[in-house]
Amino acid sequence: MTVVAHRPRIAVAVFPGTWSERDFIHVASEVLGWDPYPVWHLEERIGDCDAVVLPGGFAHGDHLRTGAIARFSPLMRAVEDFAEAGGPVIGSCNGFQVLTEAGMLPGALLRNDHLEFRCDWQWLRVEHPESAPAWLGDLSDGDSIRLPISHGEGRYVADAETLDGLEAGGRVVLRYADAGGAVSDEANPNGSERGIAGIVNAAGNVLGLMPHPERAAEPEVGGTDGLRLFRSLERWLQGRPAAAERRL
Amino acid sequence: MRWLAEVHVSLRPGIADPEGQTIGSALRSLGYETVAEVRSGKLLRIAFEAGGSSDAEATVAEMCRRLLANPVMETARWELRADEQQDAEEAVPS
């Protein structure tokens with residue numbers, strides 16, 4: 001078997017009102033040398049890709065509920081199929097909201113408890129990176145990373161049973177923390193239950209997080225911790241012969 | 001037959017409603033000290049065609065389940081009535 005290295009091909013979903021797709025595409029192509037491409041939400045196929053990005057923004061104007069209308073886009077059926085087959089999917093900010101509305105991740109994201117839109121740098125504590133190897137494989141349990149947040153509706157809510165299940169299964173992978181890694185009410189920017197900033201599905205391939213890794217990928221913008229997620233994906237893809245073999 | 005549904009979507013009890021809380025404190029600051037709680041929600045007025053009332057009822061229930069309310073954090077209730085005014089307008093040739 002010969003594993004042929006290739007540039008990761010990344011499908012970036014675009015809904016009416018999505019605003020972070022260009023940042024993801026910029027980072028993937030200009031910073032990482034990958035091969036990203038946008039896919040309009042009315043498409044029924046996601047294309048031949050190694051991973052799917054659901055970027056931030058305000059899909060369909062956030063009307064009714066954030067992500068509620070986007071989940072019915074034809075493209076989402078293709079994203080669900082891709083995820084069911086084990087393909088890596090990341091939903092950041094509005095993308096996380098879409099994933100919860102689509103039932104691909106549990107819980108929901110509601111209005112920040114203080115009602116303010118919060119746009120800031122935020123420290124996060126990494127937990128159980130092994131639960132999301134495609135996205136957090138290069139990180140270690142207890143790592144602190146600093147990423148931008150930019151949302152008005154990021155308060156993660158689920159019933160106690162769901163929250164307990166997520167924690168017991170090691171599926172809470174990012175929590176809002178202070179610079180020292182301590183999770184507290186003061187460090188929580190939106191009132192999320194148990195400081196939850198990111199969770200992963202049971203299969204470990206679908207990650208949802210409110211922060212924006214694509215906005216922390218170059219020193220010029222104030223930080224590069226977001227690159228650690230993309231590097232994780234790159235390494236994970238390289239270690240997966242099936243992904244490379246498709247291109248032999 | 002034309003039906004009119006008024007669907008009220010609200011957060012489940014126990015889910016914090018910062019918008020309702022803020023409106024509540026605004027009311028108290030205006031002197032309505034007796035306001036104990038405000039819960040916010042949405043009102044959706046939906047005009048649609050359906051057969052009999054059981055058809056219409058089932059359709060609204062399905063709309064709520066599939067789109068209008070997210071059961072993770074919301075509940076929906078509704079009032080349904082025949083849109084007689086609309087039916088009358090359509091019956092009279094212009």
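Me: Where is A:L64 found?
Reply: In chain A, A:L64 sits in the loop between β3 and α2 (74-84). Keep in mind this is a predicted model.

Me: Is A:L64 buried, partly exposed or exposed, and why?
Reply: A:L64 counts as partly exposed because it has 17 C-beta neighbours inside 10 Å. The cut-off for buried is 20 or more.

Me: OK, on to A:C93. Which loop is that in?
Reply: The loop of chain A between β4 (89-92) and α3 (94-101). Phi of A:C93 is near 60 degrees, again a positive value in a residue other than glycine.

Me: And is A:C93 buried or exposed?
Reply: Buried, because 29 other C-beta atoms lie within 10 Å of A:C93.

Me: Let's do sheets. What's the strand order in the nine-stranded one of chain A?
Reply: The order is β2-β1-β3-β4-β11-β10-β9-β6-β7, in an open sheet with mixed pairing. At the edges are β2 and β7 (144-151) of chain A, each of which pairs on one side only. From one strand to the next, the twist averages 25 degrees.

Me: How many bridges join β1(A) to β3(A)?
Reply: Three, and those two strands run parallel. A:A11 is opposite A:V52 in β3(A).

Me: Which strands does α3(A) touch?
Reply: α3(A) packs on the sheet and touches β3, β4 and β11 (206-209) of chain A. The direction of α3(A) makes about 115 degrees with that of β4(A).

Me: What about helix α1 of chain A, which residues are buried there?
Reply: In α1 (residues 21-31) they are A:E21, A:D23, A:F24, A:I25, A:V27 and A:A28. Those buried residues pack against β1 (9-14), β2 (35-40), β3 (51-54) and α6 (227-238) of chain A.

Me: And what follows α1(A)?
Reply: A:G33, with a positive phi near 75 degrees.

Me: Which residues does A:V53 touch?
Reply: A:I10, A:V12, A:A13, A:F24 and A:I90, leaving out residues up to four places away in sequence. A:F24 is also one of the buried residues of α1(A).

Me: How many residues are in the largest nonpolar core?
Reply: 76. The residues with the most contacts inside that core are A:V12, A:A13, A:V52, A:V53 and A:L124. Another core lies apart from it, with eight residues, among them B:W3, B:A5, B:C64 and B:A76.

Me: Switching to chain B, then. What's the strand order in its open sheet?
Reply: β2-β1-β3, three strands with antiparallel pairing. β2 (41-49) and β3 (74-82) of chain B are the edges; each has a single partner strand, so one side of each is left without a neighbour in the sheet. Ignoring direction, neighbouring strands here are turned by 20 degrees against each other on average.

Me: How many bridges are there between β1 and β3 of chain B?
Reply: Nine, in the antiparallel sense, with β1 spanning residues 2-11. B:V7 has B:W78 of β3(B) as its bridge partner.

Definitions and conventions. Residues numbered from 1 in each chain as written. Chains lettered and ligands numbered in written order. Predicted model: local features only at pLDDT ≥ 70, side-chain atom pairs only at ≥ 80, totals over all residues. Buried ≥ 20, exposed ≤ 12 C-beta atoms within 10 Å, placed from the backbone. Helix = DSSP H or I, 4+ residues; strand = E, 2+ residues; numbered from the N terminus. Contact = placed C-beta atoms within 7 Å. Core = buried A, V, L, I, M, F, W, Y, C linked by C-beta atoms within 7 Å. Pairing = 2+ DSSP bridges. Axes fitted to C-alpha atoms, helices over the stretch in contact; angles between N-to-C directions.
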